[in-house]
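Please read each group of points alongside the view below.

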Amino acid sequence: MTIKDIIDIYEKYKKSYGDNAYKYISKILREAKDMHYKDFLKNPTPKKDHEQSWKGFKGNALEKLIDHILKEKVAGLNLRLVAGKKFERTYPKNLSIELQKVKKNLSVDFGKFGFHIPDVDLVIYNPEDTKVVAVLSSKSTLRERIAQSGYWNFKIKNYPLTKHIKVFFVSPDEDGNFSENKNMNKSRAIVEVDLDGAYIMTEEVVKESEKIKTFDKFIDDLKKLLK
């Protein structure tokens with residue numbers, strides 16, 4: 001089971017559902033989990049804990065799927081999309097000059113404790129001036145990750161060189177926190193108060209607001225940021 005297998009499943013859904021394929025991300029991940037399990041049985045971990053093995057793979061798969069869906073559309077706006085972990089896991093000397101500048105423009109000042117890159121999954125930047133436009137975090141369920149994103153938004157907004165960067169969250173919302181029938185809850189409150197927005201990838205009806213929208217509205221909102 002590889003990331004390419006996941007993207008192949010997504011493309012299969014896209015043939016059936018077109019641009020609405022994003023609504024079926026949870027189904028795509030469930031389908032992928034079955035394939036992942038079959039592979040796992042061929043070479044199980046010592047503890048034979050497939051759920052733990054799948055959990056790590058699933059998070060990375062969701063990030064790669066979002067990257068796959070958005071990359072071409074982001075490029076159409078003359079922007080670029082790069083994985084946030086590229087800045088964490090690559091020595092500066094091994095980054096291109098362009099990405100070294102992006103890293104500098106994304107770094108948050110922790111005073112005497114130095115500069116650090118926020119924990120984000122995807123970074124959207126303008127290649128002309130290397131300024132970061134927006135960062136995205138993703139998770140299939142929100143829980144503690146949504147609060148972590150709120151923390152990084154606070155840090156980004158409180159540093160003059162990064163305060164213009166928008167911090168968004170993208171999720172299939174498998175816990176249904178943003179569904180039409182759900183009352184106000186902690187995850188929704190964090191997005192409304194502490195983030196610039198959340199984009200939901202689900203076939204369920206989402207209770208939308210100025211900050212909480214279905215995923216198909218992301219690119220239009222990104223265009224508005226460029227005006």
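Predicted model: local features only at pLDDT ≥ 70, side-chain atom pairs only at ≥ 80, totals over all residues.

The axes of helix H3 (residues 50-75) and helix H8 (residues 218-225) come within 11 Å of one another and cross at roughly 35°.

**Helix H3 against helix H8**

- Two packed helices are described by the angle between their axes together with the distance between the axes.
- For H3 and H8 the angle is roughly 35°, with the axes coming within 11 Å, and the crossing is right-handed.
- On the H3 side the contact is made by Leu70, Lys73 and Val74, while H8 contributes Phe218, Ile219 and Leu222.
- By residue class, the contact of H3 with H8 divides into five nonpolar residues, no polar ones and one charged.

**Strand E4 and its partners**

- Strand E4 (residues 122-125) is covered on both faces, with Leu122 and Ile124 buried on one side and Val123 and Tyr125 buried on the other.
- Strand E1 (residues 80-83) pairs with E4 in the antiparallel sense over four bridges, and within this pairing alanine 83 stands opposite leucine 122.
- E4 is also joined by four bridges to strand E5 (residues 132-138), again with the two strands running antiparallel, and here tyrosine 125 stands opposite valine 132 of E5.
- E4 and E5 form a hairpin with six residues between them, and in its turn threonine 130 has a positive phi of about 60°.

**Strand E7 and its parallel partner**

- In strand E7 (residues 197-200), Gly197 and Tyr199 point one way and Ala198 and Ile200 the other way, and all of these residues are buried.
- Strand E6 (residues 166-171) pairs with E7 in the parallel sense over four bridges, and phenylalanine 169 stands opposite alanine 198 of E7.

**Serine 107 in its loop**

- Serine 107 lies in the loop between helix H5 (97-106) and strand E2 (108-109).
- Serine 107 counts as buried because its relative accessible area is 12%, which falls under the 20% cut-off.
- The side chain of serine 107 reaches the backbone oxygen of lysine 103 at 2.7 Å.
- Leaving aside residues up to four places away in sequence, serine 107 touches Phe115, His116, Ile117, Tyr159 and Thr162.

Notes: Residues numbered from 1 in each chain as written. Heavy atoms only, no water. Buried < 20%, exposed > 50% of the residue type's maximum accessible area, 1.4 Å probe, protein only. Pairing = 2+ DSSP bridges. Polar contact = N/O pair within 3.5 Å; in protein donor to acceptor, adjacent residues only side chain to side chain. Contact = heavy atoms within 4.5 Å. Axes fitted to C-alpha atoms, helices over the stretch in contact; angles between N-to-C directions. Left-handed = near helix turned anticlockwise from the far one by under 90°. Nonpolar A, V, L, I, M, F, W, Y, C, P; charged D, E, K, R; others polar.
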